[in-house]
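Biologist: I have a chain to go through with you. Can we take it step by step, starting with the helices?

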Amino acid sequence: MRAADDMPAEFTGPVAHSSLWLWLAVALAVLVVAYYVLSWWLTRPPRPPKVLRVDVDTPGLRAVHLSRLDALVAQVQAGELSARDGHQGLSEVVRSYVASVTTLPARSMALADFRSSAPPELTEAIELMYPPEFAPDDAIAAERFADAVAHARRLVSTWG
């Protein structure tokens, strides 16, 4: 075996890799992870703000609005109101209840406002009532009235 001094001059030991490549690889991995996290963060749907009020008599308001719903359904079933007018009444009762128990200005909000700033269950109920209350044909309104009433009752019963 030869000693290190006996080795030819052109022979050198193993070449060490530059630490620059390691840091570039780590930086690239961090950038890829940051890209995906940032993409997810910026494209997620916004959360609706907490809107429930705590200083109102919710059980009392709930009872009043549920009785208004019952009276409205009775008028539509008796033929005193058309289904289209019934949808408008449902929308008014739901909007009144929501305006009473939340900070949302529900009485003056358009459907686009509900979609952008209201909780999903409220938006769903309003979306169900919206087309029939503006439909020129009462058949569409009559067809969807029972479902709209169920959504309105569920919303008034569970909110607050």
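Modeller: One definition before we start: the expected span of a helix is 1.5 Å times one less than its number of residues. Keep in mind that this is a predicted model.

Biologist: What span does α1 reach from its first C-alpha to its last?

Modeller: α1 has 25 residues. At 1.5 Å a residue, 36 Å is expected. The helix comes close to that, reaching 36 Å.

Biologist: How many residues of α1 are buried?

Modeller: Buried means under 20% relative accessible area. α1 lies largely in the open, because the number of its 25 residues that count as buried is zero.

Biologist: Is V26 buried, partly exposed or exposed?

Modeller: V26 sits in helix α1, residues 19–43. V26 has 37% relative accessibility, so it counts as partly exposed.

Biologist: Which residues form a nonpolar patch on the surface with V26?

Modeller: The patch has about 420 Å² of accessible area in total. Besides V26, its members are L22, W23 and V30.

Biologist: What is the secondary structure of the whole chain?

Modeller: Along the sequence the pattern reads α-α-α-α-α-α. The count comes to six helices and zero strands.

Biologist: Is R144 buried, partly exposed or exposed?

Modeller: R144 lies in helix α6, residues 138–158. Leaving out residues up to four places away in sequence, R144 touches H87, P131 and P132. Its relative accessibility is 34%, so R144 counts as partly exposed.

Biologist: How far apart in space are R144 and A83, C-alpha to C-alpha?

Modeller: In sequence, R144 and A83 are 61 residues apart. In space, their C-alpha atoms are separated by 8.7 Å.

Biologist: What share of the 160 residues in the chain is buried?

Modeller: The chain exposes about 10800 Å², with carbon and sulfur atoms supplying 63% of it. Buried residues make up 31%.

Definitions and conventions
Residues numbered from 1 in each chain as written. Predicted model: local features only at pLDDT ≥ 70, side-chain atom pairs only at ≥ 80, totals over all residues. Heavy atoms only, no water. Helix = DSSP H or I, 4+ residues; strand = E, 2+ residues; numbered from the N terminus. Buried < 20%, exposed > 50% of the residue type's maximum accessible area, 1.4 Å probe, protein only. Contact = heavy atoms within 4.5 Å. Patch = residues over 30% accessible without salt bridge, like charges linked within 9 Å, V, L, I, M, F, W, Y side chains within 5 Å. Areas by Shrake-Rupley, 256 points an atom, 1.4 Å probe, with all protein chains shown as cover. Salt bridge = Lys/Arg side-chain N within 4 Å of Asp/Glu carboxyl O.
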